[in-house]
Amino acid sequence: MPSILNLFGPVFTEKLRKSFRVRLFVGITLLILFVSSGFAFLLFYQQYQAQSDKRTTEGSLMAKLLARDVRLAVFSGNREEILQAARGTMSLPDVQSVEIYDRAGILLGKLANPAKTDVRYTVFTDRIPGLLNRQLEQQLIVGKQWDGNPENSVGSVRVVVDESRADARLHKTILMALLATTLFLAFGIIAAFRLAKSMSRPIAQLSACATALKNGDDSVRAAIETSDELGDLAHSFNSMIEAIRMRTKDLEEALEELYQLNVALEDKVQKRTAQLESANRELESFNYSASHDLRAPLTRLAGFCDALKEEYGTILDEQGIHYINRIAATGDQMDRVLSALLTLYQIQQREMTPRNLDLSELVSAVAASFRQREPEREVSFNIQENVMVFGDMKLIWLALENLLGNAWKFTRGRSDATIEFGHVEQAGESICFIRDNGAGFDMTYYEKLFQPFQRLHNIDEFPGTGVGLAIVQRIISRHGGRIWLESSEGVGTTCYFILPKGREEQGAGSRGYAQ
Amino acid sequence: MKEIGILLVEDNDDDRFLTMRLIRKLPFPLRIETAKNGEEALKRILGENADPLPSLVLLDLQLPKISGISLLSSIREKYSQSDLPVIVLSSSDNPRDLKLCNEMGISGYLSKPLDPAELQGHLEALTRPLRFSPDSSAGPHPSP
């Protein structure tokens with residue numbers, strides 16, 4: 001099919017493919033052309049056949065009649081009579097020449113009109129009937145039927161008929177047929193054009209409506225008032241547009257509602273954010289002024305304790321000195337708590353600058369600082385190497401100080417104190433752990449662990465601020481990690497935590513911890 | 001050894017007493033003046049009787065009325081860090097204030113209670129005869 005279509009040229013092929021109207025028009029036209037040319041051909045063929053039959057019959061008859069007419073003349077050798085018979089035949093229409101031959105084929109007489117070129121001639125010949133024998137010559141006169149045997153013929157006639165008039169008639173017939181076909185075709189084409197137009201108009205209209213609908217105009221309607229299938233289609237189309245319009249309206253309303261809601265929400269968020277920011281600022285300034293105002297008297301207390309000891313130490317007895325020391329120690333404890341509170345706050349405020357850290361080296365460094373502080377304690381550290389994390393140096397250091405500090409603190413009094421650091425891979429996560437064989441705690445109170453100032457041990461037994469784990473938890477969660485503890489009283493505690501994974505680096509990139 | 005003039009700006013009587021008690025114990029010939037607030041300090045440094053200038057100002061940031069920060073900025077409008085070194089005293093100050101101080105130029109930061117050894121280090125740096133870069137050894141110490 002495409003090869004046939006391609007014969008029409010690319011533009012027309014495109015039109016034929018795209019336009020229903022063109023396709024319809026071409027189809028109908030081709031059908032009319034086919035039918036009308038078929039009819040014309042049949043008509044012409046029939047005309048031609050009838051005429052040619054008629055001519056053959058007439059010509060044969062003419063020759064036969066001439067043969068009969070000249071029979072006696074040939075038999076008798078009367079040339080005058082032969083020519084007279086020939087003249088009689090010549091007088092018939094369209095006869096161009098008449099020739100009469102004897103039995104031996106010798107021309108006895110010939111009459112001819114001048115031969116024309118460009119004219120078709122048809123030759124008719126017939127034998128002149130003769131006698132069976134000479135004795136039966138009498139029969140000839142009474143006109144006994146010839147038996148048809150050529151042996152018995154006395155000669156032959158040859159009649160040449162001019163076919164030009166017949167051909168002209170035939171031409172005329174063909175012309176008429178062609179004219180009729182052309183007229184029929186012309187009317188047919190006009191009718192096909194109108195039909196195609198009228199049939200394609202509603203479709204084009206529907207198509208235009210659909211295009212308008214696609215471009216967002218939902219007020220269009222297909223104005224087709226026929227009761228046929230196209231009318232039904234248009235009706236369905238119109239109801240579809242109405243449905244779409246309704247749905248769009250609902251959607252727009254919902255969208256508008258959503259937008260309003262969003263605006264209100266944004267407004268609310270903005271207000272809340274402003275409130276929060278202001279609260280945050282207030283809290284910050286409160287935090288500093290509170291820690292200053294609370295700390296300043298403590299500092300003075302310590303200063304006067306020092307002054308008292310230095311200047312009046314000599315006149316106080318042991319009990320007096322002890323009291324002064326107790327006052328100073330109490331002040332120190334409060335100072336530590338205040339520092340821890342401030343730290344807790346600063347963790348939240350700090351701008352993080354995370355990088356790759358060798359956690360193993362940091363743990364070793366913190367452990368070394370503990371050993372240096374309390375060289376008399378015997379604690380064995382078991383540190384897995386090359387544990388890399390990605391985090392803020394200062395905060396991670398602080399977390400390790402607190403976690404190892406706890407391990408260090410709670411293993412006090414154990415002769416075989418061991419603190420282990422390492423990591424395990426579990427479900428794609430790198431879980432670090434710090435394990436001690438210290439005092440441990442009762443898991444019943446686990447929930448209280450990470451709250452500031454919640455203590456699971458007596459302060460005299462294991463001194464501390466009660467803020468350490470809260471600090472660690474904040475640091476871990478600021479890194480997007482998790483922390484949890486497992487403990488058993490008298491057996492030890494394991495603290496697990498997850499930090500962002502770091503890459504192992506070549507060189508001194510992770511060695512900048514020494515502070 | 002030349003006498004070192006120190007101006008201590010401190011509003012709290014107890015703190016002033018304790019700080020002076022510590023400074024006096026240092027092994028330097030010292031002339032200690034005190035100011036109870038920003039106005040007194042400004043009058044002493046920028047007023048008519050400014051001469052002779054103190055060699056060092058010990059400044060508490062938490063002062064009534066004129067704050068330590070604005071006092072420092074007034075001083076720095078007239079005297080550079082090498083002309084008049086300032087050391088900030090504080091118990092617990094906002095890191096933002098400390099950053100401001102550093103930008104304006106201070107020789108150091110001492111947290112209360114004062115560590116006599118630390119203060120002694122600052123004074124030694126101050127009295128060193130040849131000072132190519134007077135404040136490099138006593139750079140600011142931000143809180144950990």
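1. Two strands are taken to pair if DSSP finds at least two bridges between them. On that basis this predicted model contains, in chain B, an open sheet of 5 strands in the order S2-S1-S3-S4-S5, paired in the parallel sense. Strand S2 (30-35) and strand S5 (108-111) of chain B each have a single partner strand, so each has one side without a neighbour in the sheet. On average, and ignoring direction, neighbouring strands of this sheet are turned by 20° against each other.

2. Within this sheet, strand S3 (residues 56-60) and strand S4 (residues 86-90) of chain B are joined in parallel over 4 bridges. Leu58(B) stands opposite Ile87(B), a residue of S4(B). Helix H3 (residues 68-78) of chain B lies across strand S1 (4-9), S3 and S4 of chain B, and runs at about 155° to S3(B).

3. Chain A has 12 helices and 11 strands. Of its 515 residues, 37% count as buried. Among contacts in chain A between residues at least 6 apart in sequence, 70% join residues at least 24 apart. The accessible surface of chain A is about 32,200 Å², and carbon and sulfur atoms account for 57% of that surface.

4. Which residues have the most contacts inside the largest nonpolar core? The core has 46 residues, and those with the most contacts inside it include Leu359(A), Leu400(A), Ile434(A), Leu485(A) and Phe497(A). Among the elements that give two or more residues to this core are helix H9 (318-349), helix H10 (359-373), helix H11 (393-410) and strand S10 (482-488) of chain A. H11(A) gives the most, with 10 residues. In soluble globular proteins, nonpolar side chains tend to be buried together.

5. The surroundings of Leu485(A) may be inspected individually. Leaving aside residues up to four places away in sequence, Leu485(A) touches Phe441(A), Met443(A), Tyr446(A), Leu449(A), Phe450(A), Leu469(A), Thr493(A), Thr494(A) and Cys495(A). Apart from the core described above lies another, of 21 residues, among them Ile69(B), Leu72(B), Tyr79(B) and Val88(B).

6. The contact between the chains takes 16 residues from chain A and 16 residues from chain B. Together the two chains bury about 1,500 Å², with 50% of it on carbon and sulfur atoms. Which three residues supply more than any other three of the area that chain A buries against chain B? They are Tyr288(A), His292(A) and Arg300(A), which supply 38% of that area.

Definitions and conventions
Residues are numbered from 1 along each chain as its sequence is written. Chains are lettered from A and ligands numbered from 1 in the order in which they are written. This is a predicted model: local features need pLDDT of at least 70, side-chain atom pairs count only at pLDDT 80 or more; totals for chains, interfaces and linings use all residues. Side-chain values use heavy atoms; hydrogens and water are left out. A nonpolar core is a set of buried Ala, Val, Leu, Ile, Met, Phe, Trp, Tyr and Cys residues joined through side-chain atoms within 4.5 Å. Buried means under 20% relative accessible area, exposed over 50%, partly exposed in between (1.4 Å probe, protein chains only). Contact means heavy atoms within 4.5 Å. Axes are lines fitted to C-alpha atoms, for helices over the stretch in contact, and angles run from 0 to 180 degrees between N-to-C directions. Accessible areas come from the Shrake-Rupley method with a 1.4 Å probe; for residues, only the protein chains shown count as cover. Buried area is the accessible area (1.4 Å probe) that two parts lose on being put together, summed over both.
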